[in-house]
Amino acid sequence: MRDAALIETRDLHAFYGESHILHGVTFAVRPGECIGLMGRNGMGKSTLLRSLLAIVRQRWGAVRVRGIDMTNATPDAIARAGIAYVPEGRGIFGNLTVRENLVMAARPGFNGNRDWTFERVLETFPRLRERLDHSGTQLSGGEQQMLTIGRALMTNPDLLILDEATEGLAPLIAKGVWSILHEIRQHGIASIVVDRDYRSVCRLADRCIVLVKGKIALEGPGKELQADTTILSKYLSV
Ligand SMILES: Nc1ncnc2c1ncn2[C@@H]1O[C@H](COP(=O)(O)OP(=O)(O)OP(=O)(O)O)[C@@H](O)[C@H]1O
């Protein structure tokens, strides 16, 4: 199925106990496409990401990966299908070195591709090369985020999902992360990016989706949304 979306949802609802958080989200990410997922605090962005990844399990509706129903798949099966997650607040092993963190994440991609080798990740993140023998806890926030993205790339993903990509980073370091995300996009890896820096999200994304109370309120090209300050202030209070 050449034109199948990489991942798609149909009428997705998600719950935490009695709390109904997502109210029928239908969207698709095509191969190589970059989606910016936006919305004010508490609108359900992380819940949508975690529902795609099958971490939030209490759901209705459907999640398909490459046209195959994976609504009831485990998070591990979703990861093996080529979907990598860079969670909010970093996802590294603090007691392991940078080298160990990267090497243990290595595996071929869904189609057996091995494009992202240890060496290539170090070329993308020269800073990590200088820190190879440091433990995760010895890294700065920016280095930890680079390591988290580096670990995700070592899995040779087709889709990279990033929650709060630059949260807590100094502006210059955040700028470095954005340029790496642009580079990853150039390599043809699809992504879904959540970040408070809406302007950078709009600049990066082919398409942006705005969530309001667990529903898609708006969808459009990143560059158009970025130029529309009325929309940005209405939906995002910026
Ligand atoms: N584990 C949980 N148990 C119960 N409710 C939760 C849980 N996680 C999130 N929520 C609630 O679900 C709603 C959506 O939260 P979610 O984190 O998805 O929003 P968000 O758009 O990512 O916001 P933020 O930018 O603040 O992270 C919020 O009302 C939140 O309080």
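Residues are numbered from 1 along each chain as its sequence is written. Because the model is predicted, local features need pLDDT of at least 70 and side-chain atom pairs count only at pLDDT 80 or more, while totals for chains, interfaces and linings use all residues. Helices (H or I, at least four residues) and strands (E, at least two) are DSSP runs numbered from the N terminus, and two strands are said to pair if DSSP finds at least two bridges between them.

**The antiparallel open sheet**

- Four strands form an open sheet in the order S2-S1-S4-S5, and their pairing is antiparallel.
- S2 and strand S5 (68-69) stand at the edges with a single partner strand each, so one side of each is left without a neighbour in the sheet.
- Strand S1 (residues 7-16) pairs with S2 over eight bridges in the antiparallel sense, and Glu-8 has Ala-28 as its bridge partner in S2.

- Strand S7 (residues 159-162) runs parallel to S8 and is joined to it by four bridges, with Ile-192 in S8 as the bridge partner of Ile-161.
- S7, helix H7 (residues 171-186) and S8 make a right-handed β-α-β unit, where right-handed means that, with the strands pointing away from the viewer, the path from the first strand over the helix to the second runs clockwise.
- S8 is also joined to S3 by three bridges, in a parallel arrangement, and the bridge partner of Gly-36 in S8 is Val-193.
- Strand S3 (residues 34-38) is in turn joined by four bridges to strand S9 (residues 207-212), again running parallel, and Ile-35 has Arg-207 as its bridge partner in S9.
- Six bridges link S9 to strand S10 (residues 215-221) in an antiparallel arrangement, in which Leu-211 is partnered by Ile-216 of S10.
- S9 and S10 form a hairpin with two residues between them, and Lys-213 in the turn has a positive phi of about 45°.

**The nonpolar core**

- A nonpolar core is a set of buried Ala, Val, Leu, Ile, Met, Phe, Trp, Tyr and Cys residues joined through C-beta atoms within 7 Å; a residue is buried if 20 or more other C-beta atoms lie within 10 Å of its own, exposed if 12 or fewer, and partly exposed in between, with C-beta atoms placed from the backbone.
- The largest such core has 62 residues, and those with the most contacts inside it are Leu-37, Leu-160, Ile-161 and Val-193.
- Helix H6 (residues 141-153) gives the most to this core, contributing five residues.
- Leu-160 touches Ala-84, Val-86, Ala-152, Ile-184, Ile-189 and Ser-191, when residues up to four places away in sequence are not counted; contact here means C-beta atoms, placed from the backbone, that lie within 7 Å.
- In strand S8 (residues 190-193), Ala-190 and Ile-192 point one way and Ser-191 and Val-193 the other way, yet all are buried.

**The ligand shell and helix H1**

- The ligand is surrounded by Tyr-16, Ser-19, Ile-21, Gly-39, Asn-41, Gly-42, Met-43, Gly-44, Lys-45, Ser-46 and Thr-47, a residue being near a molecule if its C-beta atom, placed from the backbone, lies within 6 Å of it.
- The elements that give two or more residues to this shell are strand S2 (19-29) and helix H1 (45-52), and H1 supplies the largest share, three residues.
- By class, the shell has three nonpolar, seven polar and one charged residues, where Ala, Val, Leu, Ile, Met, Phe, Trp, Tyr, Cys and Pro count as nonpolar, Asp, Glu, Lys and Arg as charged, and the others, Gly among them, as polar.
- H1 is mostly covered, with seven of its eight residues buried, among them Lys-45 and Thr-47.
- Just after H1, Ala-54 takes a positive phi of about 65°.

- Trp-60, found in strand S4 (residues 59-65), is partly exposed because it has 13 other C-beta atoms within 10 Å.
- Trp-60 and Asp-11 are 49 residues apart along the chain, and their C-alpha atoms are separated by 7.6 Å.
- Arg-127, found in helix H5 (residues 126-129), is partly exposed because it has 18 other C-beta atoms within 10 Å.
- Leaving aside its neighbours within four places in sequence, Arg-127 is in contact with Glu-143 and Met-146.

Note on methods
Two residues are in contact if their C-beta atoms, placed from the backbone, lie within 7 Å.
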